[in-house]
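Visitor: I have a model on my screen and would like to learn how to read it. Could you take me through some features?

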Amino acid sequence: MKISMLGLCLLLLVLGSVAAYITYATAVRGQTMPPTITPENWPTTTGGAPLAADIEARIDKLMAAMTIEELVGQTIQADISDVTPADVRQYRLGAILNGGNSAPGEDVRASADAWLALADEFYTASMDTTNGGKAIPILWGTDAVHGHNNIVGATVFPHNIGLGATRNPALIQQIGEITAREVIVTGMDWTFAPTLAVVRDNRWGRTYESYSEDPEIVAQYAAAMVTGLQGELHTHSFLSNQHVIATAKHFIGDGGTQRGKDQGDNIDSETALRDHHGAGYPPALAAGVQTVMASFSSWHGTRMHGHKALLTDVLKDRMGFNGFVVGDWNGHAQIPGCSTKSCPTAFNAGIDMFMAPDSWRELHQNTVAQVKSGEIPRSRLDDAVRRILRVKLRFLFEKPKPSERPLAGNYSLLGHPNHQAVARQAVRESLVLLKNQGNLLPLPTHQTILVTGDGAHNIGKQSGGWTLSWQGTGNTNEHFPNGTSIWEGMQNAIEAGGGQAVLSADGSYDQTPDVAIVVFGEEPYAEFKGDLENLNYSSDQALQLLQSFQAQGIPTVAVFLSGRPLWVTPEINAADAFVAAWLPGSAGAGVADVLLRKPNGAINVDFKGKLSFSWPRTATQTKVNQSGNYDPLFPYGYGLTYEDNGNVAKLPETSGLDGSETTASNALFAFGKPMAPWSLQATVGDTSSTVVDARTQLGKTLTIRAIDRAAQEDAQQFVWSGAGAIALTGPATDYTAAAHYNDMALAIQYRVDALPAGPVTLLAKSSDGCQADLDMTQLFTKAPLGEWTQTEITLSSLVEAGANMAQLTALGIKTADPFSLSLSDIRLVERD
């Protein structure tokens, strides 16, 4: 029997639900089974909120009257960019969400009243009983992960990494309470928080969403934040009109993936999975958390969305969780054998609600069919719907439409002065002083103070990702009407103290300042887009400023904005005082409260923050936790106060890098050459050659030469006279996360020099032998001859064509006929 490679890959996908439980060791040694989970080794809990007989009876009655289609509808959550109130009315969906870049009218900076009006529309649709529909209120989930951060004017608190440095669970609970109130104002019911990851590798792009590398802090904060958001269990405040539903996420092990890769594989032992990565879940359950979100990550090769032993046997049966488990954004589609449109494996494993933002219609149809066929047992569907309805009956059923609930529409609560005061306190307590040479800090205000650096007057940068937009980009200070930049806080305090505050974008000045404050750090990012290959802080601008001031004898204070500890030893050496400010959010004035003295010269607020993450000694010390050969630059728990001797001897500036490392760049081919770890390979028949010279010739069939586009040899030209291929090749690279999101594409800058005489194909190969072939003939045939242009190929289209983006090893172009093409740049980009 003959079978094509694409057919083989599709067959492998069908068999994937079985293969996911097997880890391939080597072709010679055969196969080994991943470690198993023993539920009896895991803790038990009370499960939080006890079952109520009256609620369970109401569920029995309601479910008995529901069709299979209505039951399945409750198990699906769609994104507001791809669902309408009419859809909710027709399909009886259980929930909606606004993803990171979803908003009313596709405007992430829409007014608060637009959000509330849309909430009313969806609620009304869910309660419509026309044609026998059941009135079951819909849940709206949102990523209010550091305040109600999707809404213009809301209070934006420090990200979790900063809160971990405060060592103040009471403050965390207060932040949860404020967040809940502001979420209610805009008509939403449910936040996807708190994140309970215990990060072990700071290269992870979600490190700032973690409270600490220490499971004890995560456990303390889990109960505090859940209580703040939901109210205190066993009291009248629990799930009251002042609170929202919380989510413990991401279950489980997302902070321990190999190389800190987002959505990667955690290969820790079951004991470490339980004691480190799972430390926050028993306290969260005990506090009554109503939902748990499954992780994108895997444990020993098995995707968590399909891990029945952990989702059902441990979380639900052993730990007693009686709320519902929600998936992450199309997370079910990453299970072998599944797609965005069909995944009985995830449902049978214990996912109760699919987060199916854009393919929910087909998923609904297929899930109904799978229940009717028995592929999904009816008992599993009933259990999932019971859990969802239980949460809704505890919290939502007796409430009117969103705009008629207490607090709703009270827009003065968004960024209320009392809320901002708590945010400002959180900023003050989160700052960690690493160095204070000669006790430079706190600074007297009756002097000339220069404030510079690209983070000084930039509320968007100081707030980081998950702020108005998914990546936290595109924001200006005007989008934070209730916030203050670090500069504004400094200016107000300095001038009130009789001094002169000077803002300088580039560090220049007319009058020599008495002291300079340089505010700098990471640009905003979220999730996999923040993943790093090493911990080197790569920008030189701030270092040059610090060294310039140092050379001029001007005392300097460095304020470092980051979502994780990074290797900034040169910057520490160049500064007299160095402050880790993390991502403080909208209350930038909290920085001035600590760095500046009172007008009378007394200390205003002392430093309180202590490192909740160890600080790396080198850029390659990516896993620097309190175990084994522990040798950080600054240890866990370090943090100076004004009473301490803040002098730090010059630190060795040994990065550990040798110049050969790959970077976080999304470029595969740029400046006319492949970017490490990729190389350019040319193939004609059985002959292959790595392209390293300015001109490469493979017989008379393929000619490759470097050409100029905007600079010397910044592009390459490929001339085919017959069958041949060129490809970027390299070690198996995981682009699963990038392919998972619809906004990621492969951007190719090209010029057609001679029209193709036959078919031209874009190919993508993986290490398991799978290959995708996309027909590019029409694109190149219609391209204007001799003109540079760009096209974007969605990564999802390569997946649909059969590519395994988890093990990509080659990406190239092939043809069997004459054709001439020039390339200057190939990289991953966000789609326009």
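The dialogue below goes through helix packing, a disulfide, some backbone angles and a strand residue.

Guide: First, the ground rules. This is a predicted model, in which local features need pLDDT of at least 70 and side-chain atom pairs count only at pLDDT 80 or more, while totals for chains, interfaces and linings use all residues. Residues are numbered from 1 along each chain as its sequence is written, and side-chain values use heavy atoms, with hydrogens and water left out.

Visitor: How are the helices and strands named?

Guide: Helices (H or I, at least four residues) and strands (E, at least two) are DSSP runs, numbered from the N terminus.

Visitor: At what angle do the axes of α8 and α9 cross?

Guide: Start with the method. Axes are lines fitted to C-alpha atoms, for helices over the stretch in contact, and angles run from 0 to 180 degrees between N-to-C directions. Here, helix α8 (residues 169–185) and helix α9 (residues 215–230) cross at roughly 30°, and their axes come within 7 Å. That makes α8 roughly parallel to α9. The classes are these: under 35 degrees is roughly parallel, over 145 roughly antiparallel, 65 to 115 roughly perpendicular, and the rest oblique.

Visitor: Is the crossing of α8 and α9 left-handed or right-handed?

Guide: Right-handed. A crossing is left-handed if the near helix is turned anticlockwise from the far one by less than a right angle, and right-handed if clockwise.

Visitor: Which residues make that contact?

Guide: Contact means heavy atoms within 4.5 Å. From α8 come P169, I172, Q173, I175, G176, E177, T179 and A180. From α9 come Q220, Y221, A224, M225, T227, G228 and L229. By class, the contact of α8 with α9 has 8 nonpolar, 6 polar and 1 charged residues. Ala, Val, Leu, Ile, Met, Phe, Trp, Tyr, Cys and Pro count as nonpolar, Asp, Glu, Lys and Arg as charged, and the others, Gly among them, as polar.

Visitor: Why is there such spacing in a helix's contact list?

Guide: An α-helix has 3.6 residues a turn, so residues three or four places apart point the same way.

Visitor: How does α8 pack with α16?

Guide: α8 and helix α16 (residues 417–430) pack at about 145°, with axes 10 Å apart. Their crossing is left-handed. On α8, the residues are L171, Q174, I175, I178, R181 and E182; on α16, they are H419, V422, Q425, A426 and E429. This contact divides into 5 nonpolar, 3 polar and 3 charged residues.

Visitor: And what about α3 and α15?

Guide: Helix α3 (residues 53–64) packs with helix α15 (residues 378–395) at about 125°, their axes 10 Å apart. That makes α3 oblique to α15. The crossing is right-handed. I55, E56, R58, I59, D60, L62 and M63 of α3 meet D382, V385, R386, L389, R390, L393 and R394 of α15. By class, the contact of α3 with α15 has 7 nonpolar, no polar and 7 charged residues.

Visitor: How many disulfides does the structure hold?

Guide: A disulfide is a pair of cysteine sulfur atoms within 2.5 Å. The structure holds 1. C338 is joined to C343, S to S 2.2 Å. The link is right-handed, with 65° about the S-S bond.

Visitor: Are C338 and C343 buried or exposed?

Guide: Buried means under 20% relative accessible area, exposed over 50%, partly exposed in between (1.4 Å probe, protein chains only). C338 is buried because its relative accessible area is 15%. C343 is also buried, at 1%.

Visitor: What should I look for in the backbone angles?

Guide: Most residues other than glycine have a negative phi, and most peptide bonds are trans. E106 has a positive phi, near 55°. E106 lies in the loop between β4 (95–98) and α6 (112–126), and is exposed at 67% relative accessible area. N439 also has a positive phi, near 50°. N439 sits in the loop between β14 and β15 and is partly exposed, at 41%.

Visitor: Which residues does a cis peptide bond join?

Guide: L441 and P442 are joined by one, with omega about 0°. P442 is in the loop between β14 (432–436) and β15 (448–452). The bond from K249 to H250 is cis too, with omega near -5°. H250 lies in strand β7 (residues 247–251).

Visitor: Where does S689 lie?

Guide: In strand β23 (residues 687–690). S689 is partly exposed, at 24% relative accessibility. Not counting residues up to four places away in sequence, S689 touches L680, Q681, A682, T696 and L698.
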